[in-house]
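Student: I have a new structure to read. Where do I begin?
Tutor: Look at it first, then take one feature at a time.

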Amino acid sequence: MGLTLTEKILSAHLVEGEMIKGSEIGIRIDQTLTQDATGTMAYLEFEAIGVPRVKTERSVAYIDHNTLQSGFENADDHRFIGSVCKKHGIYFSRPGNGICHQVHLERFGIPGKTLIGSDSHTPTGGGIGMIAIGAGGMDVAVAMGGGTYYITCPKVVKVELTGKLQPWVAAKDVILEVLKRLSVKGGVGKVIEYCGEGVKTLSVPERATITNMGAELGATTSIFPSDEITREFLKAQGREEVFTPLAADADAVYDEVVEINLSELVPLAACPHSPDNVKSVEEIGPMKIDQVCIGSCTNSSLLDMLKVAHILKGKTVHPDVSLAIAPGSKQVLNMLAENGALAIMIDAGARILESACGPCIGMGQSPNSKGISLRTFNRNFEGRSGTKDGQIYLVSPELAAASALTGVLTDPRTLGDMPEFKLPEKFTINDNMIVPPVAPEDMDSVEVLRGPNIKPFPVSEPLAENIEAGVSLKVGDNITTDHIMPAGAKILPLRSNIPKISEYCFAVCDEKFHDRALEMGKSIIIGGSNYGQGSSREHAALAPLYLGVKAVITKSFARIHMANLINAGIVPMTFANEADYDRIDQMDELKIENIGKQIAAGNTVKVTNVTKGFDFEAVVDFSQRQKDMLYAGGLLNYTKQNA
């Protein structure tokens with residue numbers, strides 16, 4: 001019986017455990033990446049571990065999220081990250097060099113390698129055949145220090161691609177179709193592996209668009225084979241020497257199979273407020289729009305931008321529409337300037353933004369009140385755009401550009417004949433915005449620069465014998481990390497200051513949560529299914545930790561957030577009987593006696609609702625390592641104890 005590509009790479013990097021699906025395995029990490037919204041905390045954690053130099057093959061810090069410098073905070077964080085990188089052996093991608101996933105694909109990604117990043121869209125690297133996984137900052141810090149990264153050995157879903165995309169139907173439509181079929185919970189505990197003859201029709205940037213939004217499935221990661229198309233991309237980047245051909249065995253066995261005929265796909269859009277609320281453009285109809293934003297780590301490649309420029313050439317953006325375009329990297333921006341495409345965009349009336357995440361993370365370009373915004377991004381959670389009642393639709397660059405000209409949602413297939421868009425045989429390569437670290441013998445001469453907004457990692461305590469606490473908040477299904485710890489231009493600059501950023505914790509759900517949690521001293525949160533979906537931001541665990549949250553009991557968790565809770569020393573539990581969720585109200589007093597002993601003894605604990613006078617069971621299905629982490633009070637304490 002042959003192996004899937006996923007199994008081949010994981011097996012080659014296996015450090016602990018066995019490749020038994022559903023069991024915990026530890027893998028060696030070759031590369032790491034961070035971005036600035038999560039990076040400051042990750043490097044504070046790395047410093048706390050006490051390892052002088054990173055032990056990975058390559059670690060890179062990117063500045064791409066908090067680039068709106070409306071105060072000193074972001075600039076101070078960037079200066080701190082740059083100095084840490086210089087000292088500790090990390091490459092530093094300066095502000096303006098581009099979005100982490102776009103730049104990493106261009107300049108650092110290697111087929112067959114493992115990569116974890118403190119950003120949930122790290123699976124973009126699967127577009128060139130990497131096992132690339134989003135993780136919390138603490139996990140990335142441990143990996144930089146040479147530690148093992150642990151995941152649940154995943155099931156592998158084969159997505160068999162046949163046919164070829166029709167003109168003006170895009171890679172974005174492929175992943176929207178997958179989301180439509182599988183939902184935002186459909187990939188939990190799984191890797192999505194793309195196979196079939198249709199793979200050969202997709203360029204590396206198109207593959208990366210698809211793996212990027214695999215994060216919205218809740219998948220551990222997504223991956224394409226590394227083939228001649230991968231080789232040509234790496235050759236054009238001047239990196240052909242890192243190419244390795246990789247594919248699943250012909251007789252590989254998969255846990256699930258999804259078949260997609262690319263020839264049958266049509267232009268699609270994810271409607272508010274979930275990436276899996278997918279409809280065809282025909283179903284939605286010619287809806288009037290207010291804004292179009294093109295870019296993000298999903299759709300900001302040179303290929304995407306060339307298609308947009310072709311559509312805009314010689315035309316003018318509709319007077320009722322604001323069009324903003326953010327090329328994904330300095331390389332892309334340079335090449336657009338060189339070949340005249342940038343001038344076409346400007347001439348059409350587009351607002352050119354810097355090569356950064358920008359509107360996708362709520363950094364500017366918020367739509368007008370109740371505004372309808374078409375975005376080539378990956379998430380359309382309520383309020384994420386910075387406008388609470390904004391109506392965000394996720395679409396392809398082709399659809400976005402066509403609609404920007406007409407002022408209504410427009411099927412790009414009405415544009416007429418589509419020319420053949422080809423990647424260049426050689427990209428313009430200039431890595432002068434990537435700063436290498438100093439040599440090990442010079443590291444003591446480097447001073448780490450800290451601004452006043454940078455506060456220490458919050459202290460967690462070993463697991464108490466008993467947890468007796470009230471329910472400070474009860475929320476429903478599909479609560480995202482944007483609900484728990486919002487982003488945006490106002491809040492992101494506080495990412496290195498947990499006491500201050502905690503003031504916004506759950507503000508989207510309940511503006512009184514922060515004050516109530518502080519007043520209670522310690523508390524428990526009750527949640528529905530798929531709790532914590534979305535971003536890898538560990539702040540969604542660290543802020544509750546600071547506010548005294550001791551446990552979270554839900555119907556189910558998203559993978560990264562559950563790991564982040566354990567890393568923070570907060571006990572994540574799920575209802576053994578989901579009906580018990582309905583029996584608990586906010587402010588009920590709950591009690592869990594001898595919780596450590598109960599966790600050690602089995603997979604469930606007894607929880608008493610003191611207020612209402614009944615007991616219920618909660619599932620605590622942890623590996624021994626996770627149990628030991630909780631006993632210690634989180635991953636940082638555990639790592640120090642076992643150093």
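Tutor: Start with the end of a helix. H3 is followed by Gly89, whose phi is positive, near 95°. Keep in mind that this is a predicted model.

Student: How many residues does helix H3 have, and how far does it reach?
Tutor: Helix H3 covers residues 72-88, which is 17 residues. From its first C-alpha to its last it reaches 24 Å, close to the 24 Å expected at 1.5 Å a residue.

Student: How many of the residues of H3 are buried?
Tutor: Buried means under 20% relative accessible area. In H3, 13 of the 17 residues are buried, so the helix is largely enclosed by the rest of the structure.

Student: Now the strands. How do the strands of a sheet pair?
Tutor: They pair through backbone hydrogen bonds, either parallel or antiparallel. One case here is an open sheet of six strands, in the order E7-E6-E3-E4-E5-E20, with mixed pairing.

Student: Which strands stand at the edges of that sheet?
Tutor: Strand E7 (131-134) and strand E20 (434-435) do. Each has a single partner strand, so one side of each is left without a neighbour in the sheet.

Student: How many bridges join E3 to E4?
Tutor: Five bridges join strand E3 (residues 31-35) to strand E4 (residues 58-62), and the two run parallel. Take Gln31 as an example: it stands opposite Arg58 in E4.

Student: Which residue is the bridge partner of Gln31 in E6?
Tutor: In E6, the partner of Gln31 is Leu115. Three bridges join E3 to E6, and these strands run parallel.

Student: And how many bridges join E6 to E7?
Tutor: Four bridges, again with the strands running parallel. Thr114 stands opposite Ile131 in E7.

Student: Where do side chains go in a regular strand?
Tutor: They alternate between the two faces of the sheet. Now look at E6. Thr114 and Ile116 point one way, while Leu115 and Gly117 point the other way. All of these are buried.

Student: Which helix lies across E3, E4 and E6?
Tutor: Helix H4 (residues 100-107) does. H4 runs at about 150° to E3.

Student: What is the strand order in the open sheet of four strands?
Tutor: The order is E11-E10-E9-E12, with parallel pairing. Strand E11 (221-223) and strand E12 (256-261) stand at the edges. Each has a single partner strand, so one side of each is left without a neighbour in the sheet. The twist averages 20° from one strand to the next.

Student: How many bridges join E9 to E10?
Tutor: Six bridges join strand E9 (residues 155-162) to strand E10 (residues 190-195), which run parallel. Val159 gives one example: its bridge partner in E10 is Tyr194.

Student: Let me step back to the whole chain. How many helices and strands does the chain have?
Tutor: The secondary structure comes to 21 helices and 27 strands. The C-alpha trace spans about 70 × 60 × 60 Å along its principal axes.

Student: What does the radius of gyration tell me?
Tutor: Compare it with a compact globule. With 643 residues, such a globule would have a radius of gyration near 26 Å. The chain has 24 Å, which agrees.

Student: What share of the residues is buried?
Tutor: Buried residues make up 63% of the 643 in the chain. The accessible surface comes to about 22600 Å², of which 49% belongs to carbon and sulfur atoms.

Student: What do contacts say about the fold?
Tutor: Take contacts between residues at least 6 apart in sequence. Of these, 77% join residues at least 24 apart.

How values were computed: Residues are numbered from 1 along each chain as its sequence is written. This is a predicted model: local features need pLDDT of at least 70, side-chain atom pairs count only at pLDDT 80 or more; totals for chains, interfaces and linings use all residues. Side-chain values use heavy atoms; hydrogens and water are left out. Two strands pair if DSSP finds at least two bridges between them. Contact means heavy atoms within 4.5 Å. Axes are lines fitted to C-alpha atoms, for helices over the stretch in contact, and angles run from 0 to 180 degrees between N-to-C directions. The radius of gyration is taken over C-alpha atoms; the globule rule is 2.2 Å times the number of residues to the power 0.38. Buried means under 20% relative accessible area, exposed over 50%, partly exposed in between (1.4 Å probe, protein chains only). Accessible areas come from the Shrake-Rupley method with a 1.4 Å probe; for residues, only the protein chains shown count as cover. The expected span of a helix is 1.5 Å times one less than its number of residues.
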